Amino acid sequence: MKNYISLHFDTRDILGGADAILGITGRKKDVAEVFASGNMHLTLEEHDERLAKVRALLEEAGEKPLIMSWEEYSEDELQAAPLLSVSLSAWTKARTTTGSVFGVTYDVSDACRTCLTGVRQTSPLVVDGNAMLDVNKHRVAHTTDKNLLVLDTDVEKLLAANVTGANFWPATAKYKSGVIGEIRWQQAVIENVLPPMAASTGLDETLKCPTCGRGRQRAVGSGRDLHITYRREDLKNLCDFNLSWEWFGDFGKYDPDAPDKGASSFRPLPWIFVTPKVMNLIRGKTKKEQNYQGCGFFPIWIEDDTHDKPYLMT
Ligand SMILES: [Zn+2]
């Protein structure tokens with residue numbers, strides 16, 4: 001895993017301007033990009049010595065850059081992970097809406113009355129057809145309530161590979177005109193629920209539902225990217241598709257007069273975890289395919305028997 005830092009700043013107050021920075025970083029566009037405004041966007045690995053040199057120059061000029069940081073995992077780390085979390089939130093164009101307004105039904109009888117964790121979908125998915133124009137470009141799609149939609153050709157590959165933990169339900173789209181049409185995506189209906197995450201995931205305990213302890217308003221890490229961590233002994237009975245025990249997001253409101261309505265609007269949702277076998281079958285192979293992959297994959301971290309420092313499998 002490598003940590004990357006990006007800096008965004010104005011080069012006009014720096015001695016030597018943009019050229020001084022480019023003299024340090026080189027002129028590769030994936031490292032440094034200069035805009036007509038004189039602003040520069042710079043991306044380097046945390047320990048790259050060029051980063052320290054640029055920061056020293058900026059400090060000298062009194063320039064305070066906008067800073068972003070993130071982690072990138074190596075291919076070996078992805079392939080060695082027992083599970084990968086399926087990250088959907090950045091892929092807004094691969095997202096469509098669903099819910100009882102489109103005719104989908106839900107069972108709330110086992111759901112928490114405080115936060116609505118535990119709602120179950122009981123009919124095939126119907127999505128908003130008018131959002132499908134953007135979605136159509138993507139390989140993996142999802143709904144606002146984190147239903148995972150897999151392209152029919154990939155579903156065939158997954159079934160041929162005998163993946164476990166999910167059934168695939170055909171989904172349809174409803175258009176503004178009221179017409180309901182077939183779509184190429186099928187919903188991965190995931191049954192297997194993982195044990196609770198390890199404490200070292202660092203979830204904020206104050207944000208959990210006081211009634212069920214399972215719904216959580218947010219997932220908050222300790223100032224770094226969230227490292228979803230599981231105890232090694234809890235990873236014995238994995239399926240290829242799994243859901244987190246925890247559900248994340250705004251708490252729903254249980255309305256005894258219209259329980260189904262609350263089930264399809266704001267409520268917490270479980271996260272999805274798959275094995276590398278699934279990732280390898282559904283992810284984009286070429287650069288162009290990756291741009292429209294529709295989801296990201298992040299390895300989980302492991303806590304061993306001593307519950308000491310979490311680590312990545314390699
Ligand atoms: Zn609850």
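This is a predicted model: local features need pLDDT of at least 70, side-chain atom pairs count only at pLDDT 80 or more; totals for chains, interfaces and linings use all residues.

Q: In what order do the four strands form the open sheet?

A: Strands of a sheet pair through backbone hydrogen bonds, either parallel or antiparallel. Here the order is S2-S3-S1-S4, with antiparallel pairing; strands are DSSP runs of E with at least two residues, helices are runs of H or I with at least four, both numbered from the N terminus, and two strands pair if DSSP finds at least two bridges between them. Strand S2 (32–34) and strand S4 (66–72) each have a single partner strand, so one side of each is left without a neighbour in the sheet.

Q: How many bridges join strand S1 to strand S3?

A: Seven bridges link S1 (residues 2–10) with the antiparallel S3 (residues 39–45), and Asp10 has Asn39 as its bridge partner in S3.

Q: What span does helix H2 reach?

A: The expected span of a helix is 1.5 Å times one less than its number of residues. H2 (residues 49–61), with 13 residues, reaches 19 Å from its first C-alpha to its last, close to the expected 18 Å, and is followed by Gly62, whose phi is positive, near 70°.

Q: Into which domains is the chain divided?

A: Domain bounds come from an automatic or database domain assignment. Domain 1 covers 2–72 and domain 2 covers 75–303, and their centres, taken over C-alpha atoms, are separated by 37 Å.

How values were computed:
Residues are numbered from 1 along each chain as its sequence is written.
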